[in-house]
Amino acid sequence: MKISEEILTKIKENVVKGRRNKEDEDLEGGSVGEPGVEELVDGALKGEIGPKKIIECINDAMVVVGKKFETGEYFVPDMLASAEAVSVGMEVLEPELLKVGQKKEKFVVATVEGDIHDIGKNIFAMMLKGAGFAVIDMGTDVSAEKIVKTVKAEDGEIVGIGLSALLTTTMENMGVVTEKLREEGMSKSVLVGGAAVSKEFADKIGAIYCADAFEGVDKAKELIKRG
Amino acid sequence: MSREIKKGFSGGQYKPLSAYDVGRIHETAFRILDEIGVRVELKEALDIFERGGAEVEVNRGEKIVRISSELVEAMVKSAPSKIVLGGREKENDLVLEGTRVHMGTGGAALNVIDIDSGEKRKGTLRDIADIAKLADALGNIHFFVRPCIAQDIPIEDLVVNQFYAGLSNTTKHVMSGCDNAEKVEEVVEIAELIAGGEVKDRPPLSFITCWMDSPLCFASNVTKALIEVVKKDLPVILSSAPIAGLTSPITLAGTLVQLHAEELSGIVFTQLINPGAPVVYGGIPSMADMHNLRYIAGGMEFGMMNAAISQLSQSIGLPNYNSAGITDAAIPDIQAVYEKAHSICQCALSGSNLIHHAAGMLESMLTVDYGQYVIDNEIIGMAMRGVRGIEVNEDTEALDEIKRVGHGGDYLRSKHTRRHMRTEFFEPMLASREEREDKDKQGLRDIRELAKSKVKEVLDTHTPVEIDPEVDRRIRERFNIL
């Protein structure tokens with residue numbers, strides 16, 4: 001096996017294991033001290049492997065992770081660990097990508113006003129990073145005004161907005177956000193999710209319904225394709 | 001679909017009897033043996049008792065053996081407190097000791113619910129083989145007791161074939177009843193052929209002898225078989241099954257006192273034959289339905305009494321065998337599973353060493369059902385998780401993690417979570433945890449259908465490790481294997 005192939009195989013393996021760096025253990029509790037995605041991506045770049053190849057290999061790895069998740073072999077924390085490992089790898093890659101004029105797609109995420117339940121939003125943010133997005137995480141209890149302001153400031157670069165809410169009472173504030181965006185004349189796609197949110201509700205406020213964070217990432221990718 | 005076998009965890013969390021109760025029952029059982037005695041008609045058995053120092057008297061033509069508490073205590077001491085039952089593969093060995101819990105199949109059911117037609121029909125030798133194969137694949141079933149009576153073969157071939165249908169289809173320990181002294185030799189020969197010689201240390205099979213005809217009578221035929229097994233130094237289960245209200249007092253305590261006395265008389269008997277012979281305290285108390293005198297094993301009291309049996313055997317330091325998972329429901333319905341779940345949990349948590357009948361049974365032991373084995377495998381798995389208990393130590397308390405996550409964070413991205421999440425929660429094979437809408441999309445599949453499809457998957461795809469073809473050839477040459 002050529003050295004370049006070997007290192008790419010290792011990157012793939014470590015993404016699947018969810019090992020960000022040498023301090024992380026694998027599923028059996030071993031591998032501590034061995035290079036993780038961060039070190040391996042760095043090594044690959046130094047070894048003159050192009051970022052495109054590395055990204056391809058990371059994408060392959062995430063397909064494997066997705067399959068393991070679907071069959072039940074992988075649990076949510078495994079998926080998140082892999083996404084986190086990818087996110088770390090992408091940070092190492094970023095300067096190289098900028099050199100060739102490649103920029104990450106930006107995505108705004110927030111838990112809407114009145115709601116502080118952010119586990120779902122955090123999972124979504126991590127999964128987005130794992131899928132190669134630059135995520136602007138606005139946190140919890142975020143007002144519609146603030147969201148619109150952020151989107152405006154970054155306009156032209158934002159691919160979409162992801163909103164979450166756990167409570168039926170705060171869910172209505174998602175409608176306020178879509179309403180405000182329309183008032184400002186911004187035709188940004190809004191993904192909504194959370195325990196109380198339904199397809200009917202999403203349709204009513206003119207948003208895209210996501211049953212969970214994984215569907216959210218798929219929908220976000222579709223937005224890029226649509227351009 | 002075979003999962004990691006989780007057996008032998010130590011139970012003892014559930015104690016229906018207080019220490020005082022246990023002591024009192026023990027003392028009263030002594031009085032039964034001393035004042036009332038057991039009836040023994042078999043000459044050979046009477047001689048054994050007489051030579052051993054028990055008092056034999058003839059009372060209105062009945063031969064009564066009275067046993068002093070001194071003799072009981074001495075004989076109980078001579079019986080081993082630890083017995084190893086072998087599997088054809090070593091990983092399936094069972095170490096019977098203390099409160100270590102193992103669960104298996106059981107029964108002498110007459111009927112089987114046919115997997116294809118769903119109709120109730122007579123049990124066959126093929127059923128024993130297929131159910132052994134199923135038990136081999138199901139990770140929470142730890143040993144195999146012949147589940148039904150093969151009614152399609154001649155009676156003279158029954159004992160050997162029932163054992164061999166089990167042995168050739170599972171590498172788990174195989175148990176079966178034996179009420180025929182002449183057949184003991186043959187079965188032991190099979191055990192030796194399979195083990196490749198001496199079987200004393202970890203025998204691949206063991207005998208269940210229902211030697212006691214409650215109340216307080218030795219059954220002559222089975223006692224003959226019992227003597228043969230004990231002479232061979234093979235582990236033997238002393239199975240006694242009084243029915244409260246019918247063959248023992250209606251009160252739970254009364255049934256336990258009588259049963260304890262019966263077991264003690266059996267233990268004394270085995271130790272007089274062969275001091276140090278491995279013997280298992282096999283009390284299976286049940287109840288009679290006072291409306292119609294039907295056998296009841298699905299009631300709460302069944303689990304309570306069988307759990308109490310663990311306490312009584314533990315108090316004299318002997319391994320035990322009892323029953324759980326029997327239901328009085330005739331079909332695999334909701335009643336079946338709630339009755340099963342209760343007694344399985346009760347017996348498991350009481351620390352029983354060999355809980356048989358724990359999978360597959362329906363209709364007060366008259367019937368076994370293929371799909372039910374898969375469902376019960378799941379109930380047993382949950383119960384074993386309960387037995388394993390809550391581990392409390394520095395790592396599981398996770399103080400460092402709580403510090404790290406702090407206020408309002410989550411534990412989803414923590415290494416500690418990944419390290420423990422696969423073992424901390426029991427992972428069900430059948431249970432659905434989906435919302436109604438998602439289930440509707442899949443056509444609202446009943447768990448019984450799911451269980452049936454698992455059965456078919458196992459029967460089509462699972463290949464138990466086979467017996468060495470040369471050994472199999474020799475066994476078939478020697479015996480009429482059908």
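This report walks through a predicted model of chains A and B, from domains to sheets, a helix and the cores.

## How chain A is laid out

Let's start with chain A, which splits into domain 1 (3-99) and domain 2 (106-226). Taken over C-alpha atoms, the centres of these two domains of chain A are 27 Å apart. Where they touch, 8 residues of domain 1 of chain A are in contact with 6 residues of domain 2 of chain A. Helix H4 (residues 76-99) of chain A supplies the largest share of the domain 1 side, with 7 residues. Sorted by class, that domain 1 side has 5 nonpolar, 2 polar and 1 charged residues.

## The sheet in chain A

Chain A has an open sheet of 5 strands, running in the order S2-S1-S3-S4-S5, with parallel pairing. At its edges are S2 and strand S5 (208-209) of chain A, and each of these pairs on one side only.

Strand S1 (residues 106-111) of chain A is worth a look: it is mostly covered, with 5 of its 6 residues buried. On one hand, S1(A) pairs with strand S2 (residues 134-137) of chain A, in the parallel sense and over 4 bridges. If you want to find that pairing on screen, look for Phe107(A), which stands opposite Val135(A) in S2(A). On the other hand, S1(A) is joined by 6 bridges to strand S3 (residues 158-164) of chain A, and these two also run parallel. Here the pair to pick out is Thr111(A), standing opposite Ser164(A) in S3(A).

## Where chain A meets chain B

Across the chain boundary, 12 residues of chain A are in contact with 8 residues of chain B. On the chain A side, the elements giving two or more residues are H4 and helix H5 (119-130) of chain A. The largest share of that side, 6 residues, comes from H4(A).

## Domains and sheets in chain B

Chain B is divided into domain 1 (77-388) and domain 2 (394-424). The centres of these two domains of chain B, again taken over C-alpha atoms, are separated by 42 Å.

Strand S2 (residues 55-59) of chain B is hardly covered, as the count of buried residues among its 5 residues is 0. S2(B) runs antiparallel to strand S3 (residues 62-66) of chain B, and 5 bridges join the two. Within that pairing, Val58(B) has Lys63(B) in S3(B) as its bridge partner. The hairpin of S2(B) and S3(B) has 2 residues between the strands, and Arg60(B) takes a positive phi near 50° there.

Further along chain B comes an open sheet of 3 strands, in the order S14-S16-S17, with mixed pairing. Strand S14 (243-244) and strand S17 (295-296) of chain B are at the edges with a single partner strand each, so one side of each has no neighbour in the sheet. Strand S16 (residues 286-288) of chain B pairs with S17(B) in the antiparallel sense, over 2 bridges. In that pairing, Ala288(B) stands opposite Tyr295(B) in S17(B).

## Helix H6 of chain B

Helix H6 (residues 181-195) of chain B has 15 residues. From its first C-alpha to its last it reaches 22 Å, close to the 21 Å expected at 1.5 Å a residue. The buried residues of H6(B) are Val184(B), Val187(B), Ile190(B), Ala191(B), Leu193(B) and Ile194(B).

What do the buried residues of H6(B) pack against? Their partners are helix H5 (158-167), strand S10 (205-209), helix H7 (220-231) and helix H17 (469-478) of chain B. Just after H6(B), Gly196(B) takes a positive phi of about 70°.

## The nonpolar cores

Nonpolar side chains tend to be buried together in soluble globular proteins. The largest nonpolar core in this model has 135 residues, and those with the most contacts inside it are Val236(B), Val280(B), Ile344(B) and Ala348(B). Leaving aside neighbours within four places in sequence, the contacts of Val236(B) include Phe207(B), Leu226(B), Val229(B), Val230(B), Val279(B) and Val280(B). Ser206(B), Thr209(B) and Thr270(B) are also in contact with Val236(B).

Apart from that core lies another, of 64 residues, and among them are Ile58(A), Val86(A), Val112(A) and Leu163(A).

Terms used: Residues are numbered from 1 along each chain as its sequence is written. Chains are lettered from A and ligands numbered from 1 in the order in which they are written. This is a predicted model: local features need pLDDT of at least 70, side-chain atom pairs count only at pLDDT 80 or more; totals for chains, interfaces and linings use all residues. The expected span of a helix is 1.5 Å times one less than its number of residues. A residue is buried if 20 or more other C-beta atoms lie within 10 Å of its own, exposed if 12 or fewer, and partly exposed in between; C-beta atoms are placed from the backbone. Two residues are in contact if their C-beta atoms, placed from the backbone, lie within 7 Å. Two strands pair if DSSP finds at least two bridges between them. Domain bounds come from an automatic or database domain assignment. Ala, Val, Leu, Ile, Met, Phe, Trp, Tyr, Cys and Pro count as nonpolar, Asp, Glu, Lys and Arg as charged, and the others, Gly among them, as polar. A nonpolar core is a set of buried Ala, Val, Leu, Ile, Met, Phe, Trp, Tyr and Cys residues joined through C-beta atoms within 7 Å.
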